[in-house]
Amino acid sequence: MNEEKQRNQLLRRVDWRFLLPCPTPTVGICFAGGSLATAVRQICQRMADPRHGVHEECDLAVSINPSHSTLLAAREALQPNGCCYVEWYTPFAGGADGIRRRMEAAGFDHVTCYWSWPWPSLACAHLWLPLEAPGALHHFLTRGPAAQGAIRRAGRAIRRQVWLLAAWAGLALPICVIARKRTDPEHDPNSPCESTGSVRRRPRLNAVMNSDLVATVQTEWTSWGMGPTPSQLSWFLLTGGFRSSNKIVALLFAEPNPRPQLVIKLPRVPESSPALANEASILRTLHSLRPGGIVGAPRLLFWREHGGVMTLGETAVTGAALFTRVRRTTYRSLALRATAWQAALGGRPVPSPRAAWWGRLVEPVLTEIHECFGAVLDRGKLDETRAILASIDGLPLVCEQRDFSPWNVLITESGALAVLDWESAEIQGLPALDLIYFLTYLAFFLDGAIGSGRFQQSYHASLDPTTLTGRVRSECLAHYAELVGLQPDALYPLRLIVWLLHARSEYSRFVADAGGRPTPATLRRSLFIGLWEEELRHGL
């Protein structure tokens, strides 16, 4: 196993740390072994040994299916207000209610229960859902594309009811718990009054989540124009992705409202921070340039440190991913709507001379592509591309989103478009690149290339104006050029540079996956180099 893969597995095993008051514990103690113990060591500055009778030394205690005596030992090891994280895999624990009683009987309060989607294991968990947050639960059960047809809608409704029944019966496993050491001297964890027969106390939802962040939200909520400060917040954590550099995304709900109000993005690893910092800068700049904001773009709320981790807060934009609506009957209208959105984002800027953008946006890409893919590239094709690009003089520079894809473009309830993930955006970027990228992937979804892998065949078809994808592509690019003031003869050179730009990012992923320089065989599998070569062969 290469170093990156091992690092990814270990860090994803402890993604629950972003549910703690502080995601960077100082002293931890683990009453479990295996990968969980190894992973906990990665996030704590120091580890205590549970065999040595630790007393009020730790700020985090971790266990799996603990006995009452283990819970007492965990409580004993924790400092005042220290936190405990527990995974329960047994249906005999009594579900969330039973687990709460066990935790309270051992001297913990503010018990918050989560269901984690453990596929194929908790080392690859995709989400952490608070089980007693009605707003977050409703969002989870109803999110996703609308089912087409009565039978599919009925099937989805049945699956939702089955999941709710399983959760009620305590069979939605594992149940993962965050709890705080009780410091009230009136409550002794060994006292009978704390037994399972005591009166059940309803917890404040997510009372132990990132305390610095909660303070920011409670202080600033009204100034953000979101109405009265909510008394209860829930935190639905999304932890998908295949690399350690993938960000953590938290949806914040003002319970019991089922619509998320805030999106919080956190870097799993330090090297992810620059991308989030860039998103914050882009959103801030867009808002300053257009005080009314960009329709469909999130509004930046904050970019600051909370609990030792830089966090990005922005307004939530919700809707169905555009690719779920792609049909032959909807293809043209979706493409034209995306074209109009991109043109509105770009505006109609005055063309800038080559000196204003070549050295910043083109030359670095050509140089890096030669350095990264030189072992498998035809140098003559790269020289040909350079000459074609050099034929352009003035270009209108626009905000280049750089991830304008059918999965990042949403259709909201009102029918408008909204766009996610501005981490790679360039405020003074090249025109048309986002639209070319979008139209290419829209064709991939229509042609089924996403599932079959026949990307170059799909792209070749989209270069033919007699096909549906080709006709729509030509229409959209011509319309965009007219709206932003782009000369039509600049479109072909821009169709070349877009794939080299994305190939540069693709190379970074190859390096991460290989744990070093990728092999020539890996480089030859580059999707974007293939699309660039297809454009050179048949684009004209």
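Me: What is the handedness of the crossing where H14 passes H18?
Reply: This is a predicted model, so local features need pLDDT of at least 70, side-chain atom pairs count only at pLDDT 80 or more, and totals for chains, interfaces and linings use all residues. Residues are numbered from 1 along each chain as its sequence is written, and side-chain values use heavy atoms, with hydrogens and water left out. A crossing is left-handed if the near helix is turned anticlockwise from the far one by less than a right angle, and right-handed if clockwise. For H14 passing H18, the crossing is right-handed.

Me: At what angle do the axes of helix H14 and helix H18 cross?
Reply: Helices are DSSP runs of H or I with at least four residues, strands are E runs of at least two, and both are numbered from the N terminus. Axes are lines fitted to C-alpha atoms, for helices over the stretch in contact, with angles from 0 to 180 degrees between N-to-C directions. The axes of H14 (residues 455-462) and H18 (residues 527-538) come within 10 Å, and they cross at roughly 35°.

Me: Which residues of H14 make the contact with H18?
Reply: Contact means heavy atoms within 4.5 Å. On the H18 side, the residues include Leu-527, Gly-530, Leu-531 and Arg-537. On the H14 side they are Phe-455, Gln-456, Tyr-459 and His-460.

Me: How many residues are in the largest nonpolar core?
Reply: A nonpolar core is a set of buried Ala, Val, Leu, Ile, Met, Phe, Trp, Tyr and Cys residues joined through side-chain atoms within 4.5 Å. Buried means under 20% relative accessible area, exposed over 50%, and partly exposed in between (1.4 Å probe, protein chains only). Phe-373, Trp-422, Leu-430, Leu-486 and Leu-494 have the most contacts inside the largest core, whose size is 86 residues.

Me: Which helix gives the most to this core?
Reply: The contribution is 12 residues, from the stretch 491-514. That stretch is helix H16.

Me: How many residues does the second, separate core have?
Reply: Among its members are Leu-19, Met-226, Ile-248 and Val-309. Its size is 43 residues.

Me: How far apart in space are Ala-512 and Asn-2?
Reply: Ala-512 lies in helix H16 and is partly exposed, at 24% relative accessible area. Leaving aside neighbours within four places in sequence, Ala-512 is in contact with Asn-2 and Glu-4. Ala-512 and Asn-2 are 510 residues apart in sequence, yet their C-alpha to C-alpha distance is 9.3 Å.

Me: Is Ser-405 buried or exposed?
Reply: Ser-405 sits in the loop between strand S14 (398-400) and strand S15 (409-411). Not counting residues up to four places away in sequence, Ser-405 touches Tyr-437 and Phe-438. With a relative accessible area of 0%, Ser-405 is buried.
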